[in-house]
Amino acid sequence: MEHIVTYLKPVSILKKAFGATIFIFAFYVIVFQSMLFGFFMISFAVYLISSEGTQINLDNNTYRNIWSIFAIHFGKWKPNPEFEYISVFKGKQKQRVNSLGASTSFTDVVFLINLFYNRNKHITFYRTFDKEDAFKVAQHFKLALGIDILDATEREQKWL
């Protein structure tokens, strides 16, 4: 059995519901209206309900950036570089919402798990809003890959 760790960026339930509604309505449009416009609607619905992420195969020592729809993952496997350490990094994520001429932006604190190699290159493997969850995943990588964790969530960084 292969040990594959998968991270997918979450898609909101509202976005999934809207995408599913467009997907179903697109079949009506294909049958009774315009086939071209119906296929355009299907492609837009697929875009709404799809997600991006990363997978790492611990058995084969490979990773890939994936695009996922309906739990089917697409992406090319690449050999893992020699990972040096794991960094749990605290950052901010901004989201802008526009509606009927009015706009607002939201800022959330996000925790990123980066796997570093070649001194300063990294792969962002996991993103969460929960600090405990970030360290739990980092600990899993520490055990699986045999590397150290750098806590970069505070101004003063420390090795765990």
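Predicted model: local features only at pLDDT ≥ 70, side-chain atom pairs only at ≥ 80, totals over all residues.

Visitor: What makes the approach of the S68 side chain to H73 a polar contact?

Guide: A polar contact is a pair of N or O atoms within 3.5 Å; within protein, one must be able to donate a hydrogen and the other to accept it, and residues adjacent in sequence count only if both atoms are side-chain atoms. The side chains of S68 and H73 make such a contact at 3.1 Å. The S68 side chain also reaches the backbone oxygen of I72, at 3.5 Å.

Visitor: With which residues is S68 in contact, leaving aside its neighbours within four places in sequence?

Guide: Contact means heavy atoms within 4.5 Å. With those neighbours left aside, S68 is in contact with L8, S50, S51 and H73.

Visitor: How do you know whether S50 counts as buried or exposed?

Guide: The relative accessibility of S50 is 9%, and therefore S50 counts as buried. S50 is placed in the loop between α2 (35-49) and β2. Its side chain joins that of W67 in a polar contact of 3.4 Å. Beyond its neighbours within four places in sequence, S50 is in contact with V11, W67, S68 and I69.

Visitor: Why is β2 described as largely enclosed by the rest of the structure?

Guide: Six of its seven residues are buried, so β2 is largely enclosed by the rest of the structure.

Visitor: What makes β2 and β3 a pair, and in which sense do they pair?

Guide: Two strands pair if DSSP finds at least two bridges between them. β2 and β3 have seven bridges and pair in the antiparallel sense.

Visitor: What is noted about N61 in the turn between β2 and β3?

Guide: The two strands form a hairpin with four residues between them. Phi of N61 is near 60 degrees, a positive value in a residue other than glycine. The relative accessible area of N61 is 43%, so N61 is partly exposed.

Visitor: Where does F70 lie, and is it buried or exposed?

Guide: F70 lies in the loop between β3 and β4 (72-74). Its relative accessibility is 58%, and F70 therefore counts as exposed. Phi of F70 is near 50 degrees, also a positive value in a residue other than glycine.

Visitor: How many bridges pair β7 with β8?

Guide: Strand β7 (residues 102-117) pairs with β8 over seven bridges, in the antiparallel sense. In β8, K121 is the bridge partner of Y117. Their hairpin has three residues between the strands, and N118 takes a positive phi near 50 degrees.

Visitor: What makes a region a pocket, and what volume has the largest pocket?

Guide: On a 1 Å grid over the protein atoms alone, a pocket is an open set of points where a 1.4 Å probe fits, with protein on both sides within 12 Å along at least five of seven lines; lining residues have an atom within 4 Å of a point. Grid points are joined across faces, edges and corners, and a volume is the space filled by probe spheres set on the points. The largest pocket has a volume of about 590 Å³. Its lining has 16 residues, of which K9, P10, V11, K15 and Q93 lie nearest its centre.

Terms used: Residues numbered from 1 in each chain as written. Heavy atoms only, no water. Buried < 20%, exposed > 50% of the residue type's maximum accessible area, 1.4 Å probe, protein only.
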